[in-house]
Amino acid sequence: MAYTCVVLVKQVPDTANITGKAMKDDGTVNRAALPAIFNPEDLNALEMALQVKDQHGGKVVVLTMGPPRAADVLREALYRGADQVILLTDRKTAGSDTLATSYALKCAVEHIGQLGGDPDLVFCGRQAIDGDTAQVGPQVAEKLGLPQITYAESIESLQEREIIVKRALALGTETVKCTLPCLLTVVGSANQPRPPSARRMMAYKRSAIPQE
């Protein structure tokens, strides 16, 4: 059975390179002063989705919300194997908290379903390194009315409409079973993300996001 996977990703400031200009006077992050990178655990989420496609077929759609330059992480997702990418950008969403962000992403995921069939699996990283809230994934699942599996480390089994996932917890692991569709938040120990493909880099290096 082939599966449609949607991966929620984020472009974040590289918090490993903090300088004295990292914060604005109002206490918010000065994103322009830091290099922008692909949120690390979102790369693990993307890799898990790509592995599902490799093993079962289907497609991987990558979605991000952010300013126009966030298209850089979408281009990188194409380099790594994504089939389709979507940038959700609007000045009105600047500075959104997790509640607003999850609502916008929920609407975008529903729109993806209207265009090409409802997603079977929604993946996202456990948390983003710029906020460390770990709230967006669970909030998106709640708004979509989907069951969720947090702290996903590996997919033990995926057959028809049932998935078995191993969760990485502070004091050990837990194996849970869930029916599809569902949302998974993925931890950094889940896998080793594949490198960008040189062939795909040549094919997509000049890709542009259509404006709607």
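User: What should be kept in mind about the model and its numbering?
Analyst: Residues are numbered from 1 along each chain as its sequence is written, and side-chain values use heavy atoms, with hydrogens and water left out. Because the model is predicted, local features need pLDDT of at least 70 and side-chain atom pairs count only at pLDDT 80 or more, whereas totals for chains, interfaces and linings use all residues.

User: What makes up the secondary structure of the protein?
Analyst: The protein has five helices and 10 strands, where helices are DSSP runs of H or I with at least four residues and strands are runs of E with at least two, numbered from the N terminus.

User: How do you know that the length of α3 agrees with that of a helix?
Analyst: The expected span is 1.5 Å times one less than the number of residues; for the 19 residues of helix α3 (residues 98-116) this should come to 27 Å, and because the end C-alpha atoms are 27 Å apart, the two agree. Beyond this helix comes glycine 117, whose phi is positive, near 95°.

User: Why is serine 154 called buried?
Analyst: Buried means under 20% relative accessible area, exposed means over 50%, and partly exposed lies in between, with a 1.4 Å probe and protein chains only. Serine 154 has 18% relative accessibility, so it counts as buried. This serine belongs to strand β7 (residues 148-159), and, leaving aside neighbours within four places in sequence, serine 154 is in contact (heavy atoms within 4.5 Å) with Met48, Ile164, Val165 and Lys166.

User: What makes the pair of serine 154 and glutamate 156 a polar contact?
Analyst: A polar contact is a pair of N or O atoms within 3.5 Å; within protein, one must be able to donate a hydrogen and the other to accept it, and residues adjacent in sequence count only if both atoms are side-chain atoms. The side chains of serine 154 and glutamate 156 are joined at 2.5 Å, and the pair is listed as a polar contact.

User: Why is β4 described as largely enclosed?
Analyst: Six of the eight residues of β4 are buried, so the rest of the structure largely encloses this strand. Strands count as paired if DSSP finds at least two bridges between them; β4 pairs with β1 in the parallel sense over seven bridges, and five bridges join β4 to β5, also running parallel. Valine 6 stands opposite valine 61 in β4, while valine 62 has valine 85 in β5 as its bridge partner.

User: Which elements cover the buried residues of α3 and α4?
Analyst: For α3, whose buried residues include Leu105, Val109 and Ile112, the cover includes β1 (3-9), β4 (58-65), β5 (84-88), β6 (121-125) and α4 (136-144). In α4 the buried residues are Gly137, Gln139, Val140 and Ala141, and their cover includes β1, α3, β6, β7 and β10 (182-186).

User: What is meant by the largest nonpolar core, and which residues touch the most other members?
Analyst: A nonpolar core is a set of buried Ala, Val, Leu, Ile, Met, Phe, Trp, Tyr and Cys residues joined through side-chain atoms within 4.5 Å. Of the 36 residues in the largest one, Val7, Val62, Leu121, Phe123, Ile163 and Leu184 touch the most other members. Helix α1 (residues 40-56) supplies the largest share of this core, seven residues. Apart from it lies another core, of 16 residues, among them Val6, Leu8, Val122 and Leu183.
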